[in-house]
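Trainee: Please walk me through this model. I want to learn how to read its features.

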Amino acid sequence: MQNFQGKTAIVTGGASGIGNGIAKALGRAGCNVVIIDARQEAIDQALPFFSQKGYPALGLKLDVTDRDGWEKAADQIAAKFGKIHILVNNAGVAAGSGRLWEGSYKDWDFINGINVSGVFNGIKTIVPRILEHGEEGHIVTTSSTGGAFAVSGSAFYCVTKYAASGLMECLASDLVGTNVKASAFYPGPVNSNLGMSSSAVRPDKFKDENAVPPAPPKDIDVSAMMSMDFTKIFMTPEEVGERVVRGIRRGDLFIWTHPEFKAGMAIRNQAILDAFPLEPQNQNRAESLKMFGTLTYNPVYETQVLLGAPGLPDWPEIETAK
Ligand SMILES: NC(=O)c1ccc[n+]([C@@H]2O[C@H](COP(=O)([O-])OP(=O)(O)OC[C@H]3O[C@@H](n4cnc5c(N)ncnc54)[C@H](O)[C@@H]3O)[C@@H](O)[C@H]2O)c1
């Protein structure tokens, strides 16, 4: 999508952290911005930025798990701005599972409800509305580096983020031939309020469960971590927001922020390739499998264009949000 002017973009979890950075970047690009969030006080804090900048914006209190609420919100957005073009499924929570078998059923349902079903609810409500008007559209879902390779001690979070990425790869495949694209977004560490907001949206009846915090992963030196300057690893929400807008502009299937995670990703992908049997293909089977369309090969992965290096002509500038 090249032209953002006057287009309407919804950002869930848009009142804080990464979602707020994306909302600001979309406003800056010319969109009408709809901030959806479960916390009204965070919406109230976020909206003045948009009025000060003169960016058209609407704040809606909605829990992304509320399916009827999604329909009502879509109608409210249509009444205010008309057609919807962009949906950023960014609202998410962290729920410490510790080792996978130690996590509680309540935490499992809580985190899957928001990080997975919440994303599907947004897609189910908004994508048909975008397809109906036929103009360009784009769907982004915030996954995580933890949605690309496993992190010990964070199983529940990783599993939901793998699902978030899978939802976008499937959606992009189903959208081939339409005017709408989809991106899986993999932020590395970003300065945000995830710990506080995850606890704030967690139902009271869950609060005393898992009162003992899960043990940190074996490979992390906690004492060294306590004295670490965390500002060194965090990107700002504004910077990642600009990277998301760049990804939408380029039509990227995958949007990454931190190049520091590339080597780990390569090793994980290589492990999968290494596990294929080195025996020759069975030609009868290979011929028959060709009839099954994208079962063995999906051209959607070939749509991802190389993102160059800073300074090279194909490096799209990331302007710092003001
Ligand atoms: N901060 C990071 O380092 C990081 C890294 C990778 C991925 N992520 C992901 O980025 C996304 C945004 O998180 P953040 O780090 O900016 O945290 P944040 O707390 O600053 O923002 C998340 C927002 O989502 C809202 N939210 C939570 N549950 C909701 C629900 N059920 N319905 C509607 N809104 C809800 C919260 O109220 C909050 O305003 C999440 O999906 C998170 O998993 C964060």
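Trainee: In what order do the strands of the open sheet lie?

Mentor: Start with the general idea. Strands of a sheet pair through backbone hydrogen bonds, either parallel or antiparallel. Here, seven strands form an open sheet in the order 3-2-1-4-5-6-7, with parallel pairing. Two strands pair if DSSP finds at least two bridges between them. Strands (E, at least two residues) and helices (H or I, at least four) are DSSP runs, numbered from the N terminus.

Before we go on, two notes on the source. This is a predicted model: local features need pLDDT of at least 70, side-chain atom pairs count only at pLDDT 80 or more, and totals for chains, interfaces and linings use all residues. Residues are numbered from 1 along each chain as its sequence is written.

Trainee: Which are the edge strands?

Mentor: Strand 3 (57-61) and strand 7 (254-256). Each of them pairs on one side only. On average, neighbouring strands of this sheet are turned by 15° against each other, direction ignored.

Trainee: How many bridges join strand 5 to strand 6?

Mentor: Six bridges join strand 5 (residues 137-142) to strand 6 (residues 180-186), and the two run parallel. Look for I139: its opposite residue in strand 6 is A182.

Trainee: Now helices. At what angle do the axes of helix 4 and helix 5 cross?

Mentor: Axes are lines fitted to C-alpha atoms, for helices over the stretch in contact, and angles run from 0 to 180 degrees between N-to-C directions. Helix 4 (residues 105-133) and helix 5 (residues 155-174) cross at roughly 15°, with axes that come within 9 Å. So helix 4 is roughly parallel to helix 5. The cut-offs: under 35 degrees is roughly parallel, over 145 roughly antiparallel, 65 to 115 roughly perpendicular, and the rest oblique.

Trainee: Which residues make that contact?

Mentor: Two residues are in contact if their C-beta atoms, placed from the backbone, lie within 7 Å. Helix 4 contributes residues including W108, I111 and F120, and helix 5 contributes residues including F156, Y157 and L167. The contact of helix 4 with helix 5 has 12 nonpolar, three polar and two charged residues. Ala, Val, Leu, Ile, Met, Phe, Trp, Tyr, Cys and Pro count as nonpolar, Asp, Glu, Lys and Arg as charged, and the others, Gly among them, as polar.

Trainee: How do helix 1 and helix 8 pack? What is their angle?

Mentor: Helix 1 and helix 8 (residues 237-250) pack at about 55°, with axes 7 Å apart. That makes helix 1 oblique to helix 8. Among the residues that meet are G17, I18 and G21 in helix 1, and P237, V240 and G241 in helix 8. By class, this contact has nine nonpolar, four polar and three charged residues.

Trainee: Which residues come nearest to the ligand?

Mentor: A residue is near a molecule if its C-beta atom, placed from the backbone, lies within 6 Å of it. Of the 30 residues around the ligand, G13, G17, G92, S192 and S197 come nearest. Helix 1 (17-29), helix 4 and helix 6 (194-201) are the elements that give two or more residues to this shell. The shell divides into 13 nonpolar, 14 polar and three charged residues.
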